[in-house]
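I opened my notebook to look up a few things in one structure. My entries follow.

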Amino acid sequence: MFPILTNSLITCPIVKKGEYNYFVHPITDGIPDIDPGLLREIAVGMIRLLDLADVKYIVTAEAMGIPIATALSLMTDIPVNIIRKRRYNLPGECDVCQVTGYSKGEMYINGICPGDRVVIVDDVISTGGTMNGIIAALESIGADIVDIGFVIKKGNPTLSRPYSYLVSIEVTDSVRVVDQTS
Ligand SMILES: O=P(O)(O)OC[C@H]1O[C@H](OP(=O)(O)OP(=O)(O)O)[C@H](O)[C@@H]1O
Ligand SMILES: Nc1nc2[nH]cnc2c(=O)[nH]1
């Protein structure tokens with residue numbers, strides 16, 4: 001179903017971040033490069049996956065959600081709203097607490113209003129810490145979260161809302177693709 005994505009995953013390197021097996025891949029790291037054919041395959045798959053009707057923003061997290069959200073935006077004409085790792089101190093800025101398997105930090109939402117219909121996309125979900133933080137922050141704003149989609153699901157994370165993904169992987173000393181959307 002996603003031959004370029006699948007092949008690039010099973011051949012990608014793994015590095016250790018403490019005890020965490022971190023896979024290094026074009027879509028999640030931009031390394032070694034982002035092939036346009038891979039990005040197109042993903043964008044077409046995500047558009048099939050997601051409910052994008054009457055959506056005001058495709059919301060994504062800096063940094064590696066940006067290429068995916070941009071590709072979707074070009075194909076749908078829906079603007080992108082980027083959750084940034086930098087604080088701007090603008091009126092209404094909303095803090096997101098981000099905890100991953102290897103890091104902890106803050107992110108910041110600007111420009112989303114109560115009632116805005118949004119779809120959230122990201123490159124990968126692993127512990128779910130990032131997305132659960134984003135969901136809580138968007139709920140506190142009063143945004144209407146219509147759908148949530150990932151290119152890659154790593155392991156078996158739990159989210160406070162339903163979500164979908166293109167491929168599911170297990171990572172040990174290599175990547176194994178265990179499932180994909182049909
Ligand atoms: O499910 P989780 O365990 O929270 O991991 C998922 C998050 O990890 C990556 O972001 P990262 O913070 O590494 O930033 P980057 O996009 O700048 O590489 C990825 O883009 C997700 O946002
Ligand atoms: N590139 C990359 N990003 C991640 N985000 C959460 N886990 C991972 C991982 O294993 N690799």
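What radius of gyration would a compact globule with 182 residues have, and what does the protein have? I noted near 16 Å for the globule and 16 Å for the protein, which agrees. The radius is taken over C-alpha atoms, and the globule rule is 2.2 Å times the number of residues to the power 0.38.

**Ground rules.** I am reading a predicted model, where local features need pLDDT of at least 70, side-chain atom pairs count only at pLDDT 80 or more, and totals for chains, interfaces and linings use all residues. Residues are numbered from 1 along each chain as its sequence is written, while chains are lettered from A and ligands numbered from 1 in the order in which they are written.

**Overall.** I looked up the C-alpha trace, which spans about 45 × 35 × 25 Å along its principal axes. The protein has 5 helices and 10 strands. These are DSSP runs numbered from the N terminus (helices: H or I, at least four residues; strands: E, at least two). Of the 182 residues, 34% are buried. Buried is 20 or more other C-beta atoms within 10 Å of a residue's own, exposed is 12 or fewer, and partly exposed is in between, with C-beta atoms placed from the backbone.

**Strands 3 and 4.** I found strand 3 (residues 57-61) paired with strand 4 in the parallel sense over 4 bridges. Pairing takes at least two DSSP bridges. From strand 3 the chain passes through helix 4 (residues 66-76) to strand 4, a right-handed β-α-β crossover. Right-handed means that, with the strands pointing away from the viewer, the path from the first strand over the helix to the second runs clockwise. Ala 61 sits opposite Ile 83 in strand 4.

**Pro 91.** Next I checked the loop between strand 4 (80-83) and strand 5 (94-99), where Pro 91 lies. Is Pro 91 buried or exposed? It is exposed, because 6 other C-beta atoms lie within 10 Å. Its C-alpha atom is 8.5 Å from that of Asn 110, 19 residues apart along the chain.

**Ligand 1.** I counted 18 residues around ligand 1, with Ala 63, Met 64, Ser 126, Thr 127 and Thr 130 the closest. A residue counts if its C-beta atom, placed from the backbone, lies within 6 Å. Strand 7 (117-125) and helix 5 (129-141) each give two or more residues. Strand 7 gives the most, with 4 residues.

**Ligand 2.** Residues around ligand 2 include Tyr 22, Asp 29, Ser 126 and Lys 154. Strand 2 (20-23) and helix 2 (26-29) each supply at least two residues of this shell.
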